[in-house]
Amino acid sequence: MGFRPSRLTIDNILIVRQIYEKCCEYNIDLHNIFIDFSQAFDLVQRDAIHNSLINYNVPEKLIKLIILTMQWTRMKLNVNNSYSEWFEMKTGVRQGDPLSTLLFSVVLDSVIINLEVWGNITIRLKQIYAYADDIVIIGRTKLTSIDTFCRLKHQVLNVGLIVNNNKTKYLYCTRKIFQPTYLNTGEEQFEQVNSFKYLGSMVNTDNSIEEEIKERIAAGNRAYHVHKNYSHQN
C-alpha cells in the first residue's frame with residue numbers, strides 16, 4: 001500500500017481498527033509489533049531495486065532507464081556552514097523523485113512476499129500490513145509475532161534496511177489487565193505501549209476511540225489558534 005491511487009492511509013487504518021474491533025468483540029488477544037526502519041529510503045540497496053523490478057516483469061527498457069536515473073548520483077554535506085567534497089551515493093532512492101516511493105514499495109513488497117504470510121488473521125495466526133515503510137505485524141500469539149518479526153528483520157537486511165529498535169513498539173490488545181513491560185525477541189527488546197499513532201491515527205490496547213477523538217479535537221484547536229493569530233498579525 002501507499003503512494004498510489006486508491007491506496008490511502010485511511011484504508012490501512014480502517015483494516016487495523018476492524019481487526020482490533022472484531023478480536024475485542026470475540027475476546028481474542030492480539031500481539032502487534034509496529035516496525036520503524038532507520039533511514040529507510042536512504043539505505044535501500046539499488047541492486048535490490050533492480051532485482052525487484054526484474055521479478056515483477058517490468059520491461060527491460062524501463063528498468064534500464066530507471067537505473068540510469070540513479071547512477072552517478074553525487075552529494076556534499078553542509079557542516080557548520082562548510083561544505084564537504086563531492087562523493088558518490090551508491091545506496092537509496094533519489095529524494096523528491098516521483099518514482100522513489102514506488103521503487104521502495106516494490107522492494108519492500110518483494111520482501112514481504114518472500115515471507116509467505118498468506119491469508120488473514122481470521123484464519124491464520126499472523127498477518128502483515130504495510131504502508132510504504134510503516135509496517136505492523138499482527139499475531140494471535142506472542143511467539144508468532146516474534147517469529148514473524150525475526151524473519152522479516154533478516155529478510156530486510158538483504159536489501160539494506162535496518163530496524164530502528166528505539167522507535168519500534170509492541171502493543172498488546174486484550175481485555176485483560178496487565179502491566180506494560182517489554183517485548184524480548186531474543187536479540188532485542190521493544191518497549192510495550194498502551195497506545196500508538198499508526199499512520200496518524202491513535203490505536204490502543206482496548207480499541208477505544210476516545211483518545212483518537214481527543215487528539216483530533218486538540219489538533220483542530222491548534223490549527224484554529226494558529227490561523228487566528230496569523231489573521232491578527234496581518
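I looked up A132, which counts as buried at 6% relative accessibility; here buried means under 20% relative accessible area, exposed means over 50%, and partly exposed is what lies in between, with a 1.4 Å probe and protein chains only. I note that this is a predicted model, in which local features need pLDDT of at least 70 and side-chain atom pairs count only at pLDDT 80 or more, while totals for chains, interfaces and linings use all residues. Residues are numbered from 1 along each chain as its sequence is written, and side-chain values use heavy atoms, with hydrogens and water left out.

I then checked the backbone of A132 and found that its phi is near 55°, a positive value in a residue other than glycine. I wrote beside this that most residues other than glycine have a negative phi. A132 sits in the loop between β6 and β7 (134–139); strands are DSSP runs of E with at least two residues, helices are runs of H or I with at least four, and the numbering goes from the N terminus. W72 also has a phi near 55°, a positive value in a residue other than glycine, and I found W72 in the loop between α4 (60–70) and β2 (74–75). W72 is exposed, with a relative accessible area of 69%.

**Entry on the pockets.** Rolling a probe the size of a water molecule over the atoms shows where empty space is left. The search runs on a 1 Å grid over the protein atoms alone: a cavity is a set of points where a 1.4 Å probe fits but cannot get out, a pocket is an open set with protein on both sides within 12 Å along at least five of seven lines, and lining residues have an atom within 4 Å of a point. Grid points are joined across faces, edges and corners, and a volume is the space filled by probe spheres set on the points.

How many residues line the largest pocket, and which lie nearest its centre? I counted 21 residues in the lining, with M1, R4, D109, I112 and A130 nearest the centre, and I noted a volume of about 510 Å³. At least two lining residues come from each of α1 (9–25), α5 (98–114) and β6 (126–131), and α5 gives the largest share, 7 residues. The lining divides into 16 nonpolar, 3 polar and 2 charged residues, where Ala, Val, Leu, Ile, Met, Phe, Trp, Tyr, Cys and Pro count as nonpolar, Asp, Glu, Lys and Arg as charged, and the others, Gly among them, as polar.

The second largest pocket holds about 200 Å³ of space. Among the residues that line it are D42, R46, T73, R74 and Q95, and its lining divides into 3 nonpolar, 4 polar and 4 charged residues.

**Entry on salt bridges.** Side chains of opposite charge can pair when their charged atoms come close. I used the rule that a side-chain nitrogen of Lys or Arg must lie within 4 Å of a carboxyl oxygen of Asp or Glu, and the count comes to 8 salt bridges. In one of them the side chains of D97 and R94 meet at 3.8 Å, N to O; D97 is partly exposed at 24%, and R94 is partly exposed at 38%.

K153 and E187 meet in a salt bridge at 2.2 Å, N to O. K153 lies in helix α6 (residues 142–157) and E187 in the loop between β9 (182–184) and β10 (189–193), so this pair ties together parts that are 34 residues apart in sequence. Within the pair, K153 is buried at 10%, whereas E187 is exposed at 54%.

K169 forms a salt bridge with E191, the closest N and O atoms being 2.6 Å apart. Because K169 is in strand β8 (residues 169–173) and E191 in strand β10, the pair ties together parts that are 22 residues apart in sequence. K169 is buried at 16%, while E191 is partly exposed at 36%. I also noted that salt bridges with shared partners join K153, E187 and E188 into one network.

**Entry on aromatic pairs.** Rings of Phe, Tyr and Trp (its six-membered ring) pair if their centres lie within 6.5 Å, and planes under 30 degrees apart count as stacked, over 60 as edge-to-face and the rest as tilted. The count comes to 4 aromatic pairs. F34 and Y198 form a tilted pair, 5.7 Å centre to centre with 55° between the planes. This pair links distant parts of the chain, with F34 in strand β1 (residues 30–35) and Y198 in strand β11 (residues 195–198), 164 residues apart. F34 is buried at 2%, and Y198 is buried at 3%.

F149 and F190 form an edge-to-face pair, 5.0 Å centre to centre with 85° between the planes. F149 lies in helix α6 and F190 in strand β10, so the pair ties together parts that are 41 residues apart in sequence. Both F149 and F190 are buried.
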